[in-house]
Structure formats: C-alpha cells, structure tokens
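Colleague: I would like to learn how to read a fold from its model, going from the sheet to its helices and then to a single residue. Could you take me through it step by step?

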Amino acid sequence: MLEQEIVIYTDGASRGNPGPGGYGDILMYKGHGKELSGGFKRTTNNRMELMAVIEGLKALKTNHIPIAIYSDSQYVVNSISKGWLRNWIRTDFKGGKKNKDLWLQYNELAKNLNIRMHWVRGHADNPFNNRCDALATAAADGKNLKIDIGFEQENGQ
C-alpha cells in the first residue's frame, strides 16, 4: 500500500444466485475512512462484486490519486487485471458474457484513473474484507431494496 494512494476494499453478496443482494465498500485515504453499502431485490453475486467496485469509484472526489482496489472476487480482479474486459468490449461481449451494463459503467469510470487491482482471500483474516462482507450481507438482508434494472433487462424480466 502506497502512502499516497486511495485504498478501496470491496465485497458483494447475494442470498441465492439470483436473489436479494448487496455490496459493501470501505474507502481509505490518509487516515480517513468511509463505508458504503446498498442492496437490491434480485441480482447475482458477481453483479454485486462488480457493483461494489463501481460504487467505490463513484464516491471518489478526485481522479489524480492512484487507487488500490482490494476484492475477494477473482471474476472482477482477473477480468480487469488480465485484460478480459478489453476483449469483451472489443467483441461487444460476444458469447453471452454477463453484466455488460456494469462492465461498461466500470470501464467509463476507470478510463482516467490509475487503478491497481488486488485479490484478497474472502472470509479469512483480513478485517477490511470481513467488514465489507458484513456491509454487503446486511444490505442484502435489508429493507427498501432497489431494483437491479440491468439484471432484470439482461434476464428478460
């Protein structure tokens, strides 16, 4: 972790796949922290993992500071770090790749940012990841859940 970087821990959860879901974030910079979370009526775990990253980036007030994102989702980390997302965009998500709406949203948010992705083992001994998991599951279990419009559209609802 660099001294002059924004750190974002993220996690997503769903109760069933699909089912009610939520995301949780912890943003940290120079000793300050902020927690974010939100829940949806019907979604998937992968969508919530990616939504956590998107909502963390949307909460930033600058694009001039490097960002370290920590996620326990290999789907999210590998899609970004290994260039899979670039290929999916180039081929217009050919072959039925899921979550196009969120991936395009992430790509737009990330294009002017210096982001490094890091994978962390979920449900292990990382207190920030564990806190994000608690935020995500509490959001999934909460009331007044939003509708995940992208999920509904992708699945013909």
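**Reading the sheet, the helices and one glycine**

Modeller: Please keep in mind that this is a predicted model.

Colleague: How do the strands E1 and E2 run, and how many bridges join them?

Modeller: In general, strands of a sheet pair through backbone hydrogen bonds, in either a parallel or an antiparallel manner. Here strand E1 (residues 6-14) and strand E2 (residues 19-29) run antiparallel, and 8 bridges join them.

Colleague: What is the order of the strands in the sheet, and which are the edge strands?

Modeller: The sheet is open, its 5 strands follow the order E3-E2-E1-E4-E5, and the pairing is mixed. Strand E3 (32-43) and strand E5 (115-119) are the edge strands, each pairing on one side only. On average, neighbouring strands of this sheet are turned by 20 degrees against each other, if direction is ignored.

Colleague: Which strands do helix H1 and helix H2 lie across?

Modeller: Helix H1 (residues 45-58) lies across E1, E2, E3, strand E4 (67-71) and E5, and runs at about 150 degrees to E1. Helix H2 (residues 74-81) lies across E4 and E5, running at about 140 degrees to E5.

Colleague: Is Gly33 buried or exposed, and why?

Modeller: Gly33, which is placed in strand E3, counts as exposed because its relative accessibility is 61%, whereas the cut-off for exposed is over 50%. Leaving aside residues up to four places away in sequence, Gly33 touches Leu27 and Met28. From Gly33 to Ile6 the C-alpha to C-alpha distance is 10.0 Å, with the two 27 residues apart in sequence.

Note on methods: Residues are numbered from 1 along each chain as its sequence is written. This is a predicted model: local features need pLDDT of at least 70, side-chain atom pairs count only at pLDDT 80 or more; totals for chains, interfaces and linings use all residues. Side-chain values use heavy atoms; hydrogens and water are left out. Two strands pair if DSSP finds at least two bridges between them. Helices (H or I, at least four residues) and strands (E, at least two) are DSSP runs, numbered from the N terminus. Axes are lines fitted to C-alpha atoms, for helices over the stretch in contact, and angles run from 0 to 180 degrees between N-to-C directions. Contact means heavy atoms within 4.5 Å. Buried means under 20% relative accessible area, exposed over 50%, partly exposed in between (1.4 Å probe, protein chains only).
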